[in-house]
Amino acid sequence: MHRERLEQMIRAYGAEPQRWPPAERDRLRAALEAEPELLALLAQESRLDAWLAELPAAPAPSADLAARILASAPPAPRFDWRALWAELGGSRMAAPALACALTLGLALAVLLPAAPAEEAGIDTWLSLALLDEGLEEDALP
Amino acid sequence: MLHVSSAVAGIDPDAALLEACARGDARAQAQLLERHLPRVHRLAARLLDDAAEAEDVAQELFLRLWQLAPLWRGEQARVATWIHTVVLNLCRDRLRRRRPQQAMDEVAEAAFGDAPEDRPEAVLGRAERGRILQASIAALPERQREALLLFHVEGLSQAESAAALGISEDALESLLARARRSLRARLGES
């Protein structure tokens with residue numbers, strides 16, 4: 001059983017156990033030691049592995065191939081105000097809402113009484129600031 | 001539909017990159033290219049035996065990948081599996097547009113003469129052995145050639161190779177065994 005499977009494995013994946021399917025590798029590698037008759041097969045497939053390892057390198061691509069491919073890649077999308085406008089309801093919903101907000105803002109600005117703007121003298125502000133540093137008001141000019 | 005083995009399921013390191021590519025992230029695009037372009041070009045060059053045509057394949061593949069990026073869901077396959085599958089498909093299309101098999105046979109005949117002294121065991125030069133091996137691989141049936149290149153030359157795992165070919169791992173094993181047997185026969189190793 002082991003021998004048959006070992007033969008299949010060697011004939012398909014080669015003589016190097018590292019390339020055998022991981023699920024069977026350890027079990028069959030151990031079984032290999034009990035099958036000296038398979039050494040000839042192992043040597044034969046090992047020669048083919050060596051041939052394959054000597055396969056000449058494939059030609060390198062042109063230096064600008066990567067740049068040409070990247071030029072075809074999609075650019076970062078620019079922010080689409082039209083899509084946002086449409087998402088918000090377009091001229092049927094977003095426009096009236098915007099107009100209402102503007103009108104309300106203007107009305108509040110005009111109708112609300114202005115806060116009493118007491119002239120806070122520079123001396124007052126300065127003395128308040130210097131309090132933290134433990135200076136006496138009297139020390140101010 | 002891609003056949004995806006459970007062994008290749010799991011976290012896909014390229015999925016996040018592809019998602020960033022869809023947002024136009026130039027760094028992600030460059031990174032994805034760096035990860036896959038060398039193998040894509042190498043595999044296509046070996047399958048087509050034409051470096052310039054391999055560049056066309058690489059460009060076409062990445063153009064498709066950019067278009068696919070916003071739609072990618074990742075449930076069906078890994079990005080790398082998709083890439084390998086598309087390389088194989090693009091190369092098959094191009095090879096079929098050439099005169100099939102005849103071209104391959106001509107390459108093989110050019111590499112081997114009938115005389116015993118032309119056989120690999122009698123040839124000493126490493127470059128010559130490489131040329132003969134390339135011709136022998138080119139003369140393999142399509143699926144055997146693809147399986148051999150993915151697994152034995154590119155070093156993909158069983159699961160990755162099988163997924164790229166859209167077949168089970170058992171079917172891959174059978175293809176590899178037949179490919180190696182054919183190669184040994186051509187190389188005079190049997």
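Reading from the N terminus, the elements of chain B go α-α-α-α-α-α-α-α-α. Everything below is about a predicted model, where local features need pLDDT of at least 70, side-chain atom pairs count only at pLDDT 80 or more, and totals for chains, interfaces and linings use all residues. Residues are numbered from 1 along each chain as its sequence is written, chains are lettered from A and ligands numbered from 1 in the order in which they are written, and side-chain values use heavy atoms, with hydrogens and water left out.

**Exercise 1. Describe the make-up of chains A and B.**

Step 1: Start with the elements. Helices (H or I, at least four residues) and strands (E, at least two) are DSSP runs, numbered from the N terminus. Chain B has 9 helices and 0 strands, while chain A has 7 helices and 0 strands. Along its sequence, chain A reads α-α-α-α-α-α-α.

Step 2: Now look at burial. Buried means under 20% relative accessible area, exposed over 50%, and partly exposed in between (1.4 Å probe, protein chains only). In chain B, 51% of the 190 residues count as buried. In chain A, 25% of the 141 residues do.

Step 3: Turn to contacts (heavy atoms within 4.5 Å). Take the contacts with a separation of 6 or more: in chain B, residues 24 or more positions apart account for 66% of them. For chain A, that share is 44%.

Step 4: Finish with the surface; accessible areas come from the Shrake-Rupley method with a 1.4 Å probe, and for residues only the protein chains shown count as cover. Chain A has an accessible surface of about 10500 Å², with 62% of it belonging to carbon and sulfur atoms. Chain B exposes about 8900 Å², and carbon and sulfur atoms supply 49% of that.

**Exercise 2. Is B:Gln144 buried or exposed, and what does B:Gln144 touch?**

Step 1: Find the residue. B:Gln144 sits in helix 7 (residues 142-153) of chain B.

Step 2: Check the area. B:Gln144 has a relative accessible area of 8%, so it is buried.

Step 3: List the neighbours. Leaving out residues up to four places away in sequence, B:Gln144 touches B:Leu175, B:Arg178, B:Ala179 and B:Ser182.

**Exercise 3. Work out where A:Gly14 lies and what surrounds it.**

Step 1: A:Gly14 counts as buried because its relative accessibility is 0%.

Step 2: Residues up to four places away in sequence aside, A:Gly14 touches A:Met9, A:Trp20 and A:Asp49, plus B:His152 and B:Arg180 from chain B.

Step 3: A:Glu87 is 73 residues from A:Gly14 along the chain, and their C-alpha atoms are separated by 61 Å.

**Exercise 4. Describe the second largest pocket and its lining.**

Step 1: On a 1 Å grid over the protein atoms alone, a pocket is an open set of points with protein on both sides within 12 Å along at least five of seven lines, and lining residues have an atom within 4 Å of a point. Grid points are joined across faces, edges and corners, and a volume is the space filled by probe spheres set on the points.

Step 2: The second largest pocket has a volume of about 250 Å³. Its lining elements with two or more residues are helix 2 (26-48) and helix 4 (79-97) of chain B. Helix 2 of chain B gives the most, with 4 residues.

Step 3: There are 14 lining residues, and B:Asp14, B:Arg35, B:His36, B:Ala80 and B:Glu160 lie nearest the centre.

**Exercise 5. How confident is the predictor?**

Step 1: Chain A averages 82, and chain B averages 84.

Step 2: For the complex, the predictor gives an ipTM of 0.78 and a pTM of 0.71.

Terms used
On a 1 Å grid over the protein atoms alone, a cavity is a set of points where a 1.4 Å probe fits but cannot get out, and a pocket is an open set with protein on both sides within 12 Å along at least five of seven lines; lining residues have an atom within 4 Å of a point. pLDDT is the predictor's confidence in each residue, from 0 to 100.
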